[in-house]
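I opened the model to go through a few elements and one of the chains. My notes follow in the order in which I looked things up.

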Amino acid sequence: MKKLISLFLALVMVLSMASFAAAEEPFELTVLLPDFYSTEDFQTENNPVLDAIEAATGVRLKVTFAANSEYGNTINTTLADPSEKQPMVISLTDARGTSIINSARAGAFWDLTDFVKDAENYPYLAAGPEGVYNNVSVDGRIYGIYRSRAYPRAGIYYRSDIAKEAGIEKEPETIEELTALAEALAAYGKEHDAYALNMVSYTAGTISIITCAFGAPNTWGIDAEGNIYPAHEDPAYLEGLKWLRHLYEIGGINPDFVTIDSTNWDSIERTSKAYMRFDCLDNCYRQQEWFETNEGVTDQIFAMIPGLKKADGSITIWPQNPGFAGEVVVTKAVKEADLPKVVKFLDWCNGPEGQMLLNWGVQDVTYWLDEDGYRLAAPADGSDVTAQIHLIQHSLNQLGMNVPGDLCIPAKLTALRQEYNDFNSTYGQYAVTNPCYPFVSETYVAFGSMLDQIISDAAVQYISMQIDEDGLRAAWQQWSDEGGAMITEEYNAAYHASLGE
Amino acid sequence: MSTAAEPKRLSKREQRAEERRIRKAMHGTGPEYWRRLWADIKRDKWLFLLLLPGLIYFIVFKYLPMWGLVISFENYVPFSGVLGSEWVGLKWFQYFFRSPSWTRYLGNTLILSLMSIVFYFPAPIILALLLNEMQSLRYKKLLQTLLYVPHFISIVIVVSITFVIFGSSGIIYRLTEQLLGQPIKYLSDPNVFRWMIIGQTIWKETGWGTIIFLAALTNVDTQLYEAAMVDGAGRLRRLWHITLPAIRSTIVLMLILRMGSVLDTGYDHLILMANALNRNASQTLDVFVYEQGIKNGQYSYASAVGLMKSVISVILVVSSNKIAHALGEPGLY
């Protein structure tokens, strides 16, 4: 017996030695991420960020980047080939795509439900609120770690210096004042070969912000009788479209906006071809900082309006996202034995060290600290390091989930960054959420994207004065006939069931 | 005497009898058929060897992938595989025909194809005839080379150039605005969309399309032209009575092949030109397949519509071939 035990112990020792030896070999983790710098190179060998991650975790990342504008296509073609060669970890920008839900149900992703509840082993993952995890769950199971995003984030920002020249000093607080500002900017723009509102082919954000400002719900609303109804059936939605149509009519919007790719959105502002934008407000301070770095601007030339007062004094704002944007899933290319290791790595990504490496990289290479310990995006001597940062850091932040919130070293707050942070805490209460986010409508899963397109195309056609109100209503009817009515029904059933009716 | 290389001459009656015998052997499945096939293969083994690469190509890249069509009768989920996915029968076909928009997709496809046949199809023929009439051979060769160039320009580039010159700050937009007093919205008006597509196709492909017709024209016996000139036939008469009849069968062949792709509009060109304002005109069956299959991840629905499209295409090829036979042309087969 003793002999047997000692033999057993010897075996255990040998095995643990072997596993120790194996631990020295880095675990190779293949990852698919959306790419916002698809025209630029990514350094795979001797990359200080990847080396630092390997040193900290024993995981060597092998990253495949795919252009963000075509990321949905990449995901669908990647999921169509479930083999060993599939990336082990995929960062999804949309957690509700047809192929995502179908693949999750078929078992293409590992079920992470038990991991994210295990606070002892995976503290950072378990720090996420259950409600948000529910929003990315499929049939009650969690297949992905959500990618946390600031909430509410969206609003209106404009060039305050141009507004002053156009005769508007005061920041708008009501819709009437916004209209006056837009009209003044449009008139000013006519003389300077520019437009008041910066619109591109991506219109969903712009339309949501203005319709919510008029009081329409966010995608889906709940009416007086307690039933779910689509946003476009709300009269305020049409008011919002009319506002944009009016601006288009007076020449405040580029008549070619539908043909302009959204990658030009920033450059239109940077060349002063448009003065106002309805989008994520973090772009406001980014644009200000761009002008400071590249144009030598010293004054504050941008202003942001998070919310507008309606006639009755109330405020509603579109929140841009439900607190997260997509999720990170682990595919079955990971062997079951390796799964805890991979989840542990994802947990580490959410900790302060992981967040810092993924979002900002390595100190003195891709970020710098000032004497007060604040993070700087460029060295103090003012040399241009954009190319270097893109080469090394690229879009690695797309793997960042930041479930426990932002744990990175903060940057020094500029006036606009401070305003943005304040706005997130002050205006959070006015954000209108989409009540249907936790529910799955089978019809929407199957045909949602085509139906959404009917609504958004009709809105754009109405704004561009190609169709009138009758045409708009005909498109809404078409939406209803082609499946919209079924979706409304399914959401209502799920909603009432969730209330326990 | 009767070797493979030099078949003996047969009288007409013998020839017909031989044909009947071959046809009987070909269409039967009896031992006679297999014996004859084996004898043929043995006799022409080197010719059959030449056929082999083509045969392998068709089996590997055309016939084997057809198994994939099974997914159009399933609710296909890649992870479950073709065998593990749920069988749903004709669900996707029914779904397509029940959705109110299928007529729009089919209508857009047919209108665009019809416009392409009427306006684009004759373009290379006319250009080939014009080139054929050129006297200076060097000038002709130079011109041909220049005409082939657009074919090698990616459609993405063509669309980008279009955006620049037809956009609201482009030269053509400004010019029409000056001439007509009001602008034509080339890039966003759904009524102009199809003309833009046809125009771009003509610009890009006409030169390349002349190759096959120019090849057919080289076979025309020059003595016929000389004889016609002696008889006093002018240029137009020679064109009408000699050149056109000589390439007629090529034209018919090309037309039949074109019929097979009446429902193929391609999707890349269309989605590049499409936007929220002209989408109603750009939605063809190919765009639908792309949007459902690749963008939306509805693999089964997309392949069901693709399969349906192929079936209609086969019917169109077979029937247009029959029509060609009825009109006394050799046709495709």
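I started with helix 4 (residues 98-106) of chain A, which is mostly covered, with 8 of its 9 residues buried. I count a residue as buried if 20 or more other C-beta atoms lie within 10 Å of its own, as exposed if 12 or fewer do, and as partly exposed in between, with C-beta atoms placed from the backbone. Helices (H or I, at least four residues) and strands (E, at least two) are DSSP runs, numbered from the N terminus.

This is a predicted model, where local features need pLDDT of at least 70 and side-chain atom pairs count only at pLDDT 80 or more, while totals for chains, interfaces and linings use all residues. Residues are numbered from 1 along each chain as its sequence is written, and chains are lettered from A and ligands numbered from 1 in the order in which they are written.

I listed the buried residues of helix 4 of chain A: A:Thr98, A:Ser99, A:Ile100, A:Ile101, A:Asn102, A:Ser103, A:Ala104 and A:Ala106. They pack against helix 3 (71-79), strand 3 (89-92) and helix 18 (442-463) of chain A; contact here is C-beta atoms, placed from the backbone, within 7 Å. After helix 4 of chain A comes A:Gly107, with a positive phi near 95 degrees.

Next I looked up strand 9 (residues 274-280) of chain A. It is largely enclosed by the rest of the structure, because 6 of its 7 residues are buried. For pairing, DSSP must find at least two bridges between two strands. Strand 5 (residues 154-159) of chain A pairs with strand 9 in the antiparallel sense over 5 bridges, and A:Tyr158 has A:Met276 as its bridge partner. Strand 6 (residues 195-197) of chain A pairs with strand 9 in the parallel sense over 2 bridges. There A:Leu197 stands opposite A:Met276.

I then turned to chain B. Its secondary structure comes to 17 helices and 2 strands. I noted a C-alpha trace of about 80 × 70 × 35 Å along the principal axes of chain B. Of its 333 residues, 23% count as buried.

Last, I checked where the chains meet: 23 residues of chain B are in contact with 32 residues of chain A. Helix 16 (residues 285-295) of chain B gives the largest share of the chain B side, 3 residues.

Key:
Two residues are in contact if their C-beta atoms, placed from the backbone, lie within 7 Å.
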